[in-house]
Amino acid sequence: MSQPIKATGTNTPFAGLDRLSKFLGFHARRQQVIAGNMANIDTPGYRSRDVTFKEELSSTRDAKGRSVVQLRFSEELVVMDDETPDQDGNSVSLETQMARTVANQLRFSAINELLSRKLGMLKYAARDGR
Amino acid sequence: MSTIFTTLEIASSGMKAQRTRMNVAAMNMANKNTTRSADGGVYRRRDVILETVEVDNNGFASRLRSAMKGAPTNLGVKVQSVQESNDPARLHYDPGHPDANPEGYVEMPAISGIEEMVNMMSAARAYEAGAKMMTTVKTMAEQALRIGR
């Protein structure tokens, strides 16, 4: 499911906000997938899953024949093959999932921090610097 | 390129390996007196063989580095194999035992309970160290996010 990100100009105050919130959503969904892996830690034959994202720049022409660059964001659910499954075919390891949870959480907070600082700047400007 | 997330991955690979060591120590302990194993003879003590493994080895950075003949820097650990030891079986005199040989001796696994306990504790401490490492890295990243607050 690839969806275009609304093209806001790079010089508007709202540039990048849309993109940051997309990533926030992506990390929230990744957390769900990790939770799903943890829930299936004893399910025979279950392979651990993860979500990956892809950003693509595509160039199209608008009605007036001008070239428009669009950024598309897409997510994909992948079955991981980086871990050797144990005897019952299950490849979920508690340690790996925990490490991914922590990494995901940190990325989420980093984006959250960026968003709130950016909004803070806008707020400052909107209040005439008061 | 190594990021704060690489550290997490390395630590988790170590914890996974230590868990396997724990499993094997428990297996040896449980089979201290096993005279009949799956392959017929007496149970043989198992040892965990660990090897280094590059974490994130499908990443661009690692391919670039290997193309430029650089030494790998992000090394985690993985269990290469669980091998049977070559220690000779201990002979125990017990003529009444169904597995005794004509001279009355039974082959018993050469497993020392003390050695297995030591292995178990060393695995538990190393596991703990890995967990602590993850917590510390997380705290570090949180501190970085608070810069300028």
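**Aromatic pairs and the interface**

Analyst: A:F73 is buried, at a relative accessible area of 2% (buried means under 20%, exposed over 50%, partly exposed in between, with a 1.4 Å probe and protein chains only). This is a predicted model, in which local features need pLDDT of at least 70 and side-chain atom pairs pLDDT 80 or more, while totals for chains, interfaces and linings use all residues. Residues are numbered from 1 along each chain as its sequence is written, chains are lettered from A in the order in which they are written, and side-chain values use heavy atoms, without hydrogens and water.

User: How is the pair of A:F53 and A:F73 classed?

Analyst: Rings of Phe, Tyr and Trp (its six-membered ring) pair if their centres lie within 6.5 Å; planes under 30 degrees apart are stacked, over 60 edge-to-face, and the rest tilted. The ring centres of A:F53 and A:F73 are 5.7 Å apart and the planes lie at 10 degrees, so this pair is stacked. A:F53 is itself partly exposed, at 36%. Together with A:F23 and A:F26, these two residues form one aromatic cluster.

User: Which side chains meet in a salt bridge with a 2.7 Å N to O distance?

Analyst: A salt bridge is a side-chain nitrogen of Lys or Arg within 4 Å of a carboxyl oxygen of Asp or Glu. Here A:E95 and B:R19 are the partners, at 2.7 Å; the interface of chain A and chain B has two salt bridges by this rule.
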